[in-house]
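Please open the structure in your viewer and keep the selection tool at hand. We will go from one stop to the next, with a short account of what is there each time.

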Amino acid sequence: MADTALPHDAPTKAVDILLSEQAARRPDATFAIFPGETLTYGEVNDRARAMAKGLIRLGVKPGDHIATLMPNCADWVIAYFAGLIAGAVVVALNARYKRHELGYALKHSDCRVLLTTDLIADHVDFTSLLRDTLEGLDAQTDRTSLNLTSAPALKALVLMGKVPTSPFLSSEDLIALGADIPDAEVDAARAQRDVGDTSTIIYTSGTTSTPKGCELTHQGLQASWSTFANTVSLRPDETVWTPMPFYHTGGVGPMTIILATGAAFMTQPHYQAEQAVELIEQHRIAHLYSGFPQLSITVIEHPRFNKDRFDFVRSMLNVGPEALQRRIQAALPDHAVLLNLFGMTEGAGIVTFARWDAPLDVRAVSSGYPPENTQVRICDPETNIESPRGAPGEIQFRGGGAFRSYYKDPEATAATILPGGWVKTGDRGRMDPDGALTFLGRIKDMLKVGGENVAAAEIEAFIQGLPGVKMVQIIGIPHKRLTEVPVAFVERDPGSTITETEVIAACTGRLANWKVPRHVIFVTDWPMSTTKVQKFRLKEYLPADLVESA
């Protein structure tokens, strides 16, 4: 498929301006599809604008921070655009946060207003979580001017849903507060922003330190995700399945460019494979932007999914090892294209992306190519000196969707954004002769076995190709003589009976001796962050006698 220019101007407009323009041109066109609920462009714009006036009445000024604490739902979409229309920066908080992470992010982010929902209280009770997190919340008497030592900047909580309870404002309360705000005041607030200003803050996972608030700009989100829209030639009459959380760049990023092109997206508050397959078929969704194997596999290997029945699918995105990529491509309709990428929060989601016309041998192995607005280089991670083409090293990039800074963390920002704008990723890779990037794993995800450096990703890629293996992760455990040795955690395919002995035997003679796992642990579930397996927690799955004998 030939590259096509985006059907909107280059990133020179704030994200919410794009919404207003789409709403003016096509108010009745579908923008968002949720189970049992659909939002049009006009409806999102009108409801968000009414709520934006309420935020302004609460004292939110251009550049101030407001926060969302919700899963993927219609309320999140309205709250997000309300914040942007008011000229605010939206802090998209992880809906899986517990008390510690939430308390840190609420205080650190300086958000003035937090919007949450009670529509999914059966799954997550956000009101109870907030009461547990914010000491003294129930003693507050002024719902529009909270006074909390645990979050000094926070002045109001808005509960979008059916059962508003003090000290929360309801969405109706918020709209009523701003009823007398003239449209001119809203437009004046929006006019004070620049496309290079921060639009969204997403906190990194914080698995090794406190979370960092990654500042993404209006321009960066559009520049990053225009690569996806250009690659698939996304049309206004198409729908994209986006199961990734909105508080992740894989959620808010696709939504941004779907908005820019006038297309629609479908998502769910809680991922359920059966429901996802039904909605994909019902809405004849052309692009399956699942991103990760945990989502992709459950759809394409669902009993209802087959090439003929789902012949309307044009593309699918999955990030995974070669064997898995080939398995997914084989399950798709013959005309559909499996895509891959390398991305990170600091790049607004996309750093490199597969080319539509690249052969499967390239799309299955590499993470694609830098788009025209992005430069990528491979460097020594210590000296930051560029490595020869083909040599492994740290992936660094600049341009595209590169983040602005870590909020209130100049030291971490300076350590990550080098002179010249180059962003250190902490990931290993190499550039092939034709410019394709091959991802080799996290720099820190290296094992030291008897003096030999071993990339966990290399062992994972091999085992992933064994029959009966659905997913694999490798960690190292201490060893008295060899420093550490690899252990494989394996999830079997349904019906598979592959054994530890068979996995080790398959590796023996095919991998160097020091790369062969010493043990195989079979699992049925994984300790997950938002999108990735938390490898440090896999050690909790190790049998006690194995750890003691290591």
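Begin by selecting leucine 216, which counts as buried because its relative accessibility is 1%, where buried means under 20% relative accessible area, exposed over 50% and partly exposed in between, computed with a 1.4 Å probe and protein chains only. The model is a predicted one, in which local features need pLDDT of at least 70 and side-chain atom pairs count only at pLDDT 80 or more, while totals for chains, interfaces and linings use all residues. Residues are numbered from 1 along each chain as its sequence is written, and side-chain values use heavy atoms, with hydrogens and water left out.

Leucine 216 belongs to strand 9, residues 213-217; helices (H or I, at least four residues) and strands (E, at least two) are DSSP runs, numbered from the N terminus. Apart from neighbours within four places in sequence, the residues in contact with leucine 216 include Asp197, Ile202, Thr249, Ala348 and Phe403, contact meaning heavy atoms within 4.5 Å.

Next, select tryptophan 225 and tyrosine 289. The structure as a whole holds 17 aromatic pairs, counted when rings of Phe, Tyr and Trp (its six-membered ring) have centres within 6.5 Å, with planes under 30 degrees apart called stacked, over 60 edge-to-face and the rest tilted. Here the ring centres are 5.4 Å apart and the planes stand at 65°, so tryptophan 225 and tyrosine 289 are edge-to-face. Distant parts of the chain are linked by this pair, since tryptophan 225 is in helix 8 (residues 218-232) and tyrosine 289, 64 residues apart from it, is in strand 12 (residues 287-291). Tryptophan 225 is buried at 1% relative accessibility, and tyrosine 289 is buried at 4%.

Which kind of pair do phenylalanine 228 and tyrosine 289 form? Select both, and you will find an edge-to-face pair, with 5.0 Å from centre to centre and 75° between the planes. Phenylalanine 228 is also buried, with a relative accessible area of 1%.

For the last stop, select arginine 377 and tryptophan 422, where the charged end of the arginine sits over the ring, 4.2 Å from its centre. Such a placement requires NZ of Lys or CZ of Arg within 6 Å of the ring centre and within 35 degrees of the ring normal.
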